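Here are some friendly notes to read alongside the model. Keep the sequence at hand and look up each residue as you go.

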Amino acid sequence: MDSTKVGTFEHVPESVPSILHVKGHQDDAKPYDELNLEAQLNIDADQLADDWLQAHPNFDHSKVPILPTSGCQINLPYGTFTHNIKHELKLARSVPDNAAFLMDKYEWDQEIFDDIDWTCHGRALNRTKAHQTSMIKYLIGWHPVGTRVNKYDPKYPIACASCGYHEEDKDHVMSCPKRQTDRDNWKKAIKQYLDKHNTHPSLHATITSALNTLLDDGDIESIEHNADIQDIIDSQHNIGWEHIFKGRFSKLWAQNQDQHLKDNNLKTPRKNGQSWLTGLIHEMQCTTVVGPLGSPE
Ligand SMILES: [Zn+2]
């Protein structure tokens, strides 16, 4: 078979093209105009890829076309895996984290499911290498709280180890009176993130209010918001506010922040709505799972 006509890569020759490694994001240290051509092209390519992703939020880019020189590749329900194969296979075997499972569990219809910014969610998860197993268990509601571990082995206490409350369940982990300082520190970390990353004032106020409301077991109807982001509020309301702890935000958050950065001439190839949301999710997931609120393994 003529390998130049394999799959969609009809123009890729069988021989391996020469590959040059170019250090990424060099514009962090030097203005774009002062960089050499390779570094500039690298930044341009990043920008083009980001623009395309933003313009096609519903495109499934999890499956990568196979390159003729690869021979074979692994496609799992979550997408193509090109590295860390052993680790990814282990995760895939133990985690039924797919659309149908989540839609059934949280009673989302397809429209609500598609409103969630899974791209940013996935990118944030990829950043959390060290505690990924704990994280994924947390994300699907399997993290080791008393009520769960006691079910498997009665030698583990069902009560909260911090305050002695008779039943440590997922809700208690978030509201345990002995973990108030941890929660305050966590809120402070999120606020710092929002301050540092030029967050749109209405988004900032709403996220802050939502965290306070959720952690204080308040009425979600009382979450503060401005009328200019009513569409975001409605969309997040359908997904469920508690899901922001797990990094499941409506796509509208990133779109709105992106526009805000553009309007204020703050948007750069690396600083955009999606990078803002990815960073925020990372901050929330990390501190929730491996930080003060969670129970790392
Ligand atoms: Zn407790």
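1. Let us begin with a term for accessibility. A residue is called buried at under 20% relative accessible area, exposed at over 50%, and partly exposed in between, using a 1.4 Å probe and protein chains only. With 43% relative accessibility, D195 falls into the partly exposed class.

2. A word on the source. This is a predicted model, in which local features need pLDDT of at least 70 and side-chain atom pairs count only at pLDDT 80 or more, while totals for chains, interfaces and linings use all residues. Residues are numbered from 1 along each chain as its sequence is written, and side-chain values use heavy atoms, with hydrogens and water left out.

3. Now for the inside. A nonpolar core here means a set of buried Ala, Val, Leu, Ile, Met, Phe, Trp, Tyr and Cys residues joined through side-chain atoms within 4.5 Å. The largest one has 28 residues, and W276, L280 and M284 touch the most other members. Two or more residues each come from α5 (118-127), α9 (180-196), α10 (201-215), α11 (230-239), α12 (251-263) and α13 (273-289). Among these, α10 gives the largest share, 6 residues. The element names follow DSSP runs, numbered from the N terminus: helices are H or I with at least four residues, and strands are E with at least two. In soluble globular proteins, nonpolar side chains tend to be buried together.

4. Which residues does L280 touch, leaving aside its neighbours within four places in sequence? It is in contact with I190, Y193, L194, I207 and F249, where contact means heavy atoms within 4.5 Å. There is also a second, separate core of 7 residues, including L102, W108, I116 and I239.

5. Apart from neighbours within four places in sequence, T278 is in contact with C120, R123, A124 and R127.

6. Next, the charged pairs. A salt bridge is counted when a side-chain nitrogen of Lys or Arg is within 4 Å of a carboxyl oxygen of Asp or Glu. The whole structure holds 4 of them. In one, K191 pairs with D195, and the closest N and O atoms are 2.9 Å apart. Both residues sit in helix α9, 4 residues apart, or about one turn of the helix. K191 is partly exposed at 42%.

7. How are D258, K262 and K267 joined? D258 forms a salt bridge with K262 at 3.9 Å, N to O, and another with K267, where the closest N and O atoms are 3.1 Å apart. These bridges share partners and link D258, K262 and K267 into one network. K262 and D258 are 4 residues apart in helix α12, so about one helical turn separates them. D258 is buried at 5%, whereas K262 is partly exposed at 43% and K267 is partly exposed at 25%.

8. Finally, please check two backbone angles. Most residues other than glycine have a negative phi. H25, however, has a positive phi near 55 degrees, and its place is in the segment before α1 (37-55). N198, also not a glycine, has a positive phi of about 50 degrees and lies in the loop between α9 and α10. H25 is partly exposed at 32% relative accessibility, and N198 is partly exposed at 29%.
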